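Please consult the sequence and structure below alongside the text.

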Amino acid sequence: MSEIRGNHDGDVGRPGPEYLSGHAVRVVLCDDHRMFAEGMATVLATRGWTVCAVAFTTADAESAIRRHRPDLGMIDLGFPDGDGLDLIRSLAGLAPATNLLLLTGSTDAAAVGAAIRAGAGGVASKTQGIERVIAIAERVGRGKTMTDVCAVTQGTRAPRRPAARATVATLLTSRERDVLGRLGRGQSTAVLAADLGITVNTARSHIQNVLTKLGVHSRLEAAALAARSGLLDRAG
């Protein structure tokens, strides 16, 4: 479990989650996919969120949420030591002040419905863009309810990972490294396109090339690679 990765001043000029309510959302991320969880933590921190902890098992997740009492717990379905639904059910009783969001790549309508019945305030799909996931997470963190229909209606097809991962510098062109850095800072496709002076369609093409070349499932995993490669440290 990774502790306290909170509140970086990463996105100057963009109102953070404190804009509407006077304080930043405090969150614990619970996901057994380390790269995904670290990518989400990086993006949320640059938006001004306080990431209290990142947990990779149900035991650590329960411990972290009981310890930190965050506004929001973002929870995946599958863990090596247990089940996300059981975790949500347990936390709904043990930490009633913490709002719970199921963040999943599953399209199982039964599992999504079970999460809501267990006590989750909302559901978000990992297949959606960062902006969409953050919007749902912020709403649920404020005590509202929101379920992303894409969590039920869309399938999840991840690109095959390359047999051996090369470095970002070797795999990507200069423009693609720029795009990766912007993904790491949480920019939407529209903002990225405007900043680079290209069309939205061209930006989408660059983003897809980055994901395919790196063999990652989503923008959030790409964000984790951006952080690890030092692209965010070099950002101006």
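The model is predicted. Its chain contains twelve helices and nine strands. The chain has 236 residues, and 48% of them count as buried. Among contacts with a separation of 6 or more, 71% are between residues 24 or more positions apart. The accessible surface of the chain amounts to about 10,600 Å², and carbon and sulfur atoms contribute 50% of this area.

Helix α9 spans residues 174-184 and helix α11 spans residues 200-214; their axes come within 9 Å and cross at roughly 90°. Because angles of 65 to 115 degrees count as roughly perpendicular, α9 is roughly perpendicular to α11. On the α9 side, the contact is made by Arg175, Glu176, Val179, Leu180 and Leu183. On the α11 side, His206, Ile207, Asn209, Val210, Lys213 and Leu214 take part. By class, the residues of this contact divide into six nonpolar, two polar and three charged.

The cysteines form the last topic. A search of the whole structure finds zero disulfides.

| Residue | Relative accessible area | Class |
|---|---|---|
| Cys30 | 1% | buried |
| Cys52 | 2% | buried |

Cys30 counts as buried because its relative accessibility of 1% is under the 20% cut-off. The value for Cys52 is 2%, so Cys52 is buried by that criterion as well.

Conventions: Residues are numbered from 1 along each chain as its sequence is written. This is a predicted model: local features need pLDDT of at least 70, side-chain atom pairs count only at pLDDT 80 or more; totals for chains, interfaces and linings use all residues. Side-chain values use heavy atoms; hydrogens and water are left out. Helices (H or I, at least four residues) and strands (E, at least two) are DSSP runs, numbered from the N terminus. Buried means under 20% relative accessible area, exposed over 50%, partly exposed in between (1.4 Å probe, protein chains only). Contact means heavy atoms within 4.5 Å. Accessible areas come from the Shrake-Rupley method with a 1.4 Å probe; for residues, only the protein chains shown count as cover. Axes are lines fitted to C-alpha atoms, for helices over the stretch in contact, and angles run from 0 to 180 degrees between N-to-C directions. Angles under 35 degrees count as roughly parallel, over 145 as roughly antiparallel, 65 to 115 as roughly perpendicular and the rest as oblique. Ala, Val, Leu, Ile, Met, Phe, Trp, Tyr, Cys and Pro count as nonpolar, Asp, Glu, Lys and Arg as charged, and the others, Gly among them, as polar. A disulfide is a pair of cysteine sulfur atoms within 2.5 Å.
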